[in-house]
Amino acid sequence: MKKICFISNLFPSKKDPSFGSFVGLNFQQLKGMGYELGRPIVIDARVKALPKLLAYLRFVLSGVKAVLNSKSYDFFYIHYLTYSTLCLIPVLPFKKVKYLVNIHGDDLVGNRLIHKIMGIPSGYILKHATAIVVPTQYFKRQLLLLYPFVALNKVIISESGGFREDIFYPKNKKSLDESAPLHFGYISRIDEGKGWELMLEAFALLKEHQPEKYSRTILSVYGAGAQTNEFLAMVQKLKLEDVVSYYGPLEQTKLGDKYRSFDYFLFPTRRESFGLVAIESLACGTPIICSEIEPLIDLVTHADNGYLFEDGCIIALYENILNCYSLNDESYASLSKSAISSVEKYKSVQVANRLHKEIDRAF
């Protein structure tokens, strides 16, 4: 039985169940594969200012200590290319270490100043990695474009853990009553680049131009992030309080019921590494309205399992939302059925099995 040291600067906990929920699923999947994992080296809750600095100091020092003691492990499984790999930098010049880096998104292609600073040692880290996991073919192309020295046989595609069938399963057949509210939902981080402001602007247009349809609309928002206060302020500024309800973050086990309660899932993100929430929604039979960007165009086919709108275009998003009010039961049922069938290959068991084979090949 191979022994793994698991390191991640995002990991879910009872205090913060949505913080790195995919990473937590991946940890459990590795256990299910038969690997031996002790207590992970992680940061398991959102913190700010001095507590955040102290948390990262403890995190990095614990990681360095583990890497110095690398003979105790067969390899290291490290989530996120930037912060979590800091523990490798003091050791790699003097010691050979077997490790896998799981890349998520902004840790590879982020364009903010912090991303660029933290990405300075990324080439060095990737050069010495035994294996590299990316979520999609799109990110594999991005990786090889940025770091052409990376060997193709090092790169593993694994779709963010997939979705859990015991949580994300189809809803009962739904009838769209013209007198009943149409329920839209948003489950994602409330951060820069997630497009939440486009969503609110689109509903403001609905309020202005289609007041009757707006009057029978519900928008439920779940998630947390650095821009939560800006989100709430914008809801007030646009006078959408009668339609928009904000509930904060939820633990993963409760998300399936929320997806099933929506008639449509909104995902206006401007950039994405994979789009796990889109997969979860589709698995529940809830059609999705999302940005026409890679890699989401590999998940959503316009007018088949959901709708695509031009990236960043408020008018296009508004028009897609407006279209939802005209669908009859038969058209909606067809969307829902296609949504379910389109994500069969992303079931967590199948994703884990493919990852297991690739890890055994690499190590």
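Tutor: A helix crossing is left-handed if the near helix is turned anticlockwise from the far one by less than a right angle, and right-handed if clockwise. The model here is predicted: local features need pLDDT of at least 70, side-chain atom pairs count only at pLDDT 80 or more, and totals for chains, interfaces and linings use all residues. Residues are numbered from 1 along each chain as its sequence is written, and side-chain values use heavy atoms, with hydrogens and water left out.

Student: Which hand does the crossing of α7 and α12 have?

Tutor: Right-handed, as α7 passes α12. Helices (DSSP runs of H or I, at least four residues) and strands (runs of E, at least two) are numbered from the N terminus.

Student: Why are α7 and α12 called oblique to each other?

Tutor: Helix α7 (residues 196-209) and helix α12 (residues 314-324) pack at about 60°, with axes 9 Å apart. The classes are roughly parallel (under 35 degrees), roughly antiparallel (over 145), roughly perpendicular (65 to 115) and oblique (the rest). The pair is therefore oblique.

Student: Which residues of α7 and α12 meet?

Tutor: From α7, the residues include Leu198, Met199, Phe203 and Leu206, and from α12 they include Ile314, Leu317, Tyr318 and Ile321. Contact means heavy atoms within 4.5 Å.

Student: Why is Thr136 counted as buried?

Tutor: Buried means under 20% relative accessible area, exposed over 50%, and partly exposed in between (1.4 Å probe, protein chains only). Thr136 has 8%, so it counts as buried. It lies in the loop between β6 (131-134) and α6 (137-146). Beyond four places in sequence, Thr136 touches Ile157, Ser273, Phe274 and Pro295.

Student: Why does Lys71 count as exposed?

Tutor: Its relative accessibility is 81%, so Lys71 falls in the exposed class. Lys71 is in the loop between α2 (49-68) and β4.

Student: What makes Glu192 partly exposed?

Tutor: Its relative accessible area is 41%, so Glu192 is placed in the partly exposed class. Glu192 sits in the loop between β8 and α7. Leaving out neighbours within four places in sequence, its contacts are Arg112, Gln227 and Arg271. Glu192 and Arg270 are 78 residues apart along the chain, yet their C-alpha atoms are separated by 8.9 Å.

Student: How do you know that β4 and β5 pair?

Tutor: Two strands pair if DSSP finds at least two bridges between them. Strand β4 (residues 75-79) is joined to β5 by 4 bridges, and the two run parallel. Ile78 stands opposite Val101 in β5. On β5 (residues 99-102), Tyr99 and Val101 point one way, Leu100 and Asn102 the other, and all are buried.

Student: How many bridges pair β5 with β6?

Tutor: There are 3 bridges, in the parallel sense. Asn102 is opposite Val133 in β6.

Student: What makes β10 and β13 edge strands?

Tutor: The open sheet of 6 strands has the order β10-β9-β8-β11-β12-β13, with parallel pairing. β10 (244-248) and β13 (306-309) each pair on one side only.

Student: How many bridges pair β11 with β12?

Tutor: Strand β11 (residues 264-267) and strand β12 (residues 288-291) pair over 3 bridges. The bridge partner of Phe265 in β12 is Ile288. Helix α11 (residues 276-283) packs on this sheet, touching β8 (182-187), β11 and β12, and its direction makes about 170° with that of β11. Axes are lines fitted to C-alpha atoms (for helices over the stretch in contact), and angles run from 0 to 180 degrees between N-to-C directions.
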